[in-house]
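Subject: Structure for your files

Hello,

Here is the structure you will need to have open while reading the notes that follow. Please keep it beside the text.

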Amino acid sequence: MALYRFFLENQVLANEAEACFALRLSAEDFKHAGVVRLEAGEHIGVVDAAGDYFECEVVRFSLDVLEVRIVERLPAGKPRPTVVLVQGIAKGDKMDQIIRQTTELGISAVVPFAAERCVVKLDEKKLSSRVQRWRSIAKSAAMQSGQLHIAEVSEPKNLKEACAFLAGASVVLIFWEEASMGVGKGVGKGVGKGVGKDVGVATIAAALEAAFASLFLEPSDARVALVVGPEGGLTKGEVAALLAANPRAATLSLGASILRSETAAVVASALTLYELGELQ
């Protein structure tokens with residue numbers, strides 16, 4: 001069973017001189033400790049400021065202190081691929097839901113994408129507070145689900161910035177509802193001059209295998225980018241630009257059903273992580 005995890009920002013446990021010591025939690029994390037009702041004798045996971053992972057036993061928990069002792073230092077885990085979700089910004093609390101659930105699955109990072117059909121238009125005043133909220137949700141989800149790392153949430157990117165970001169990926173999987181209709185080939189031939197590739201339907205497994213083979217890359221060393229559009233979907237022009245950004249980009253379908261953006265993000269993340277061996 002995964003331990004409930006806490007992430008420390010300014011405390012290195014290897015430097016603690018006493019057998020029992022207080023964890024220097026943020027106010028928000030201390031609140032989380034109260035919500036899960038920690039008691040003496042319970043074990044928790046702690047990732048400290050040095051990135052080291054420990055199993056600790058709760059010695060005392062009160063209104064102002066969480067005192068623990070180290071049970072053992074745990075391995076950081078096997079090497080894992082970096083899986084990044086480039087997500088068209090969804091309206092209301094849907095973006096919160098996407099970040100929470102994909103973090104629980106083990107996604108490495110989320111890049112909010114200000115796509116053309118995004119219903120939400122964030123102004124500068126709201127942007128900072130919204131990003132901070134998303135990062136807080138990612139941290140909470142990582143703690144709850146027992147992840148060793150918190151999914152990084154970046155500042156929102158426009159199309160040009162998203163394309164520049166995708167250029168460095170090992171493979172780019174663009175989940176587009178029109179891919180299942182054969183529209184992908186039309187993008188390559190017409191709308192997106194210079195794409196120069198057949199962007200027809202493929203499977204996740206085939207797209208990953210082809211990319212890794214061309215790069216002589218082990219899956220654990222890969223940087224996989226997933227692109228999911230907002231409620232209105234991606235435009236043909238956006239798909240063409242995203243495909244042109246990386247020679248190992250492909251459009252994929254998630255089946256005959258038209259999924260909501262928040263559903264597609266979770267399904268795409270789960271299927272890709274499974275194919276990479278992360279959910280097996």
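**Salt bridges**

E9, D29 and K139 are linked in a network of salt bridges (a salt bridge being a side-chain nitrogen of Lys or Arg within 4 Å of a carboxyl oxygen of Asp or Glu). This is a predicted model, in which local features need pLDDT of at least 70 and side-chain atom pairs count only at pLDDT 80 or more, while totals for chains, interfaces and linings use all residues. Residues are numbered from 1 along each chain as its sequence is written, and side-chain values use heavy atoms, with hydrogens and water left out.

The structure holds eight salt bridges. In the one between K139 and D29, the closest N and O atoms are 2.9 Å apart. This pair links distant parts of the chain, with K139 in helix 3 and D29 in helix 1, 110 residues apart. (Helices, H or I of at least four residues, and strands, E of at least two, are DSSP runs numbered from the N terminus.) K139 is buried at 11% relative accessible area, and D29 is buried at 1%. (Buried means under 20% relative accessible area, exposed over 50%, and partly exposed in between, with a 1.4 Å probe and protein chains only.)

R80 and E278 also meet through their side chains, at 2.6 Å from N to O. R80 lies in the loop between strand 5 and strand 6 (82-88), and E278 in the segment after helix 8 (261-275), 198 residues apart. R80 is partly exposed, with a relative accessible area of 33%, whereas E278 counts as buried at 18%.

**Helix 1**

Helix 1 covers residues 27-35, and D29, F30, H32 and A33 are buried in it. Seen down the helix axis, these buried residues fall within an arc of 155°, so they line one face of helix 1 (the arc is that of the directions from the helix axis to the C-beta atoms). The face turned away from that buried side carries the exposed residues A27, K31 and V35. The buried residues pack against strand 1 (5-7), strand 4 (53-61), strand 5 (66-74) and helix 3 (124-145), contact meaning heavy atoms within 4.5 Å. Just after helix 1, R37 takes a positive phi of about 55°.

**Helices 2 and 3**

Helix 2 (residues 94-105) packs with helix 3 at an angle of about 35°, their axes 8 Å apart. (Axes are lines fitted to C-alpha atoms, for helices over the stretch in contact, and angles run from 0 to 180 degrees between N-to-C directions.) Among the residues making the contact are I99 and T103 of helix 2 and W134 and I137 of helix 3.

Regards
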